[in-house]
Amino acid sequence: MSTPEPSVPEAASSAPKGGLVTATLDLPGWKHIYSGKVRDLYVPADESITERIGQECVLVVASDRISAYDHVLASEIPDKGRILTQLSLWWFEQLGVEHHVLASTVDAGVPAAVEGRAMICTKLDMFPVECIARGYLTGSGLLEYKQSRTVCGIPLPEGLVDGSRLDEAIFTPSAKAEVGEHDENITYDAVVDIVGADIASRLRELTLEIYTKAEGIARGRGIVLADTKVEFGFDAATGVITLGDEVLTPDSSRFWDAATYEPGRAQPSYDKQYVRDWLTSAESGWDKSSDETPPALPADVIARTRSRYVEAYEKLTGRTFA
């Protein structure tokens, strides 16, 4: 059983671009600046925090919100913020690349009210590109492949099916969209146009390096890492392209159980599959092509989704989530 969420006083609601309205937290010494689909960002309101950390920083707080089909749902998944934060921290330790985490404990300055689901991070200038690596064909990549035998303009061989493992992982970026909008798959040449040739090359290199290392680690723990999305920013203090955001979680990656993996069909995944399946079922009565707000999730869908997140965390890390 997990410990209950600490009681945190709420400040005024915030409405970032895209129309998402969230209740922000009153965290002494920190000022809310932005809310995304599932994370909220705060910067120091007290100069002593910056002095103690020793550089400009941002507090990244993972909520229990969940999104599907470009909607943030009214229902939350208990402990989701903690699970994804702790899994990200574990992966940051495994990867051996420059990342943005400076501190993740109360002793190091994280507010007690958000302990376990928040990280103090280097303030980065984020690149406006979603860096995606695919080692298996599925999802939007499969849809494009069926039409053109390509994914993001990269030619692939004939005869591939849903779940086929690719001979080599490929870099298939997308352009970031505002909250509530679809990310758009783009070609590598488009990335060059956006960030320049040198940075585009480094983003591709880092993305494939991270995927290749993580895919091997996951495979050794009985999990197939089909694809993953990572994000990078420029650290002005060091001049280094740095891994930011979350990394290799069920929200940013497609994990399958290696024991049941079978090309030629859709694979059960360690993510919000239960949520998507229920929303598109007759029971929900919701039309995903409409502008209507999705309905609240049933308790059993919430419980099964939480269980799937916990299972992914425990299988990958070898730790018990508590």
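Predicted model: local features only at pLDDT ≥ 70, side-chain atom pairs only at ≥ 80, totals over all residues.

Modeller: Residues are numbered from 1 along each chain as its sequence is written, and side-chain values use heavy atoms, with hydrogens and water left out.

Colleague: What volume does the largest cavity have?

Modeller: On a 1 Å grid over the protein atoms alone, a cavity is a set of points where a 1.4 Å probe fits but cannot get out. Points are joined across faces, edges and corners, and a volume is the space filled by probe spheres set on them. One cavity of 30 Å³ or more is present. The volume of the largest cavity is about 100 Å³.

Colleague: Which element gives the most to the lining of the largest cavity?

Modeller: Lining residues have an atom within 4 Å of a point, and there are 14 of them, with Arg39, Ala62, Leu84, Thr85 and Glu246 nearest the centre. Two or more residues come from each of strand 5 (57–62), helix 2 (80–95) and strand 9 (118–122), where helices (H or I, at least four residues) and strands (E, at least two) are DSSP runs numbered from the N terminus. With five residues, the greatest contributor is helix 2.

Colleague: How many residues of the lining of the largest cavity are charged?

Modeller: Asp, Glu, Lys and Arg count as charged, Ala, Val, Leu, Ile, Met, Phe, Trp, Tyr, Cys and Pro as nonpolar, and the others, Gly among them, as polar. The lining has six nonpolar and four polar residues, and its charged residues number four.

Colleague: How are helix 2 and helix 7 oriented to each other?

Modeller: Axes are lines fitted to C-alpha atoms, for helices over the stretch in contact, and angles run from 0 to 180 degrees between N-to-C directions. Helix 2 and helix 7 (residues 299–317) have axes 10 Å apart and pack at about 20°. Angles under 35 degrees count as roughly parallel, over 145 as roughly antiparallel, 65 to 115 as roughly perpendicular and the rest as oblique. Helix 2 and helix 7 are therefore roughly parallel.

Colleague: Which residues of helix 5 make the contact with helix 2?

Modeller: The axes of helix 2 and helix 5 (residues 197–219) come within 11 Å and cross at roughly 110°, which makes the two helices roughly perpendicular. Contact means heavy atoms within 4.5 Å. Helix 2 supplies Trp90, Trp91, Gln94 and Leu95, and helix 5 supplies Ile210, Lys213, Ala214, Ile217 and Ala218.

Colleague: How is helix 4 oriented to helix 5?

Modeller: Helix 4 (residues 188–195) packs against helix 5 at about 130°, with the axes 7 Å apart. That makes the orientation of helix 4 to helix 5 oblique.

Terms used: 1 Å grid on protein atoms, 1.4 Å probe; cavity = no way out; pocket = protein on both sides within 12 Å on 5 of 7 lines; lining within 4 Å.
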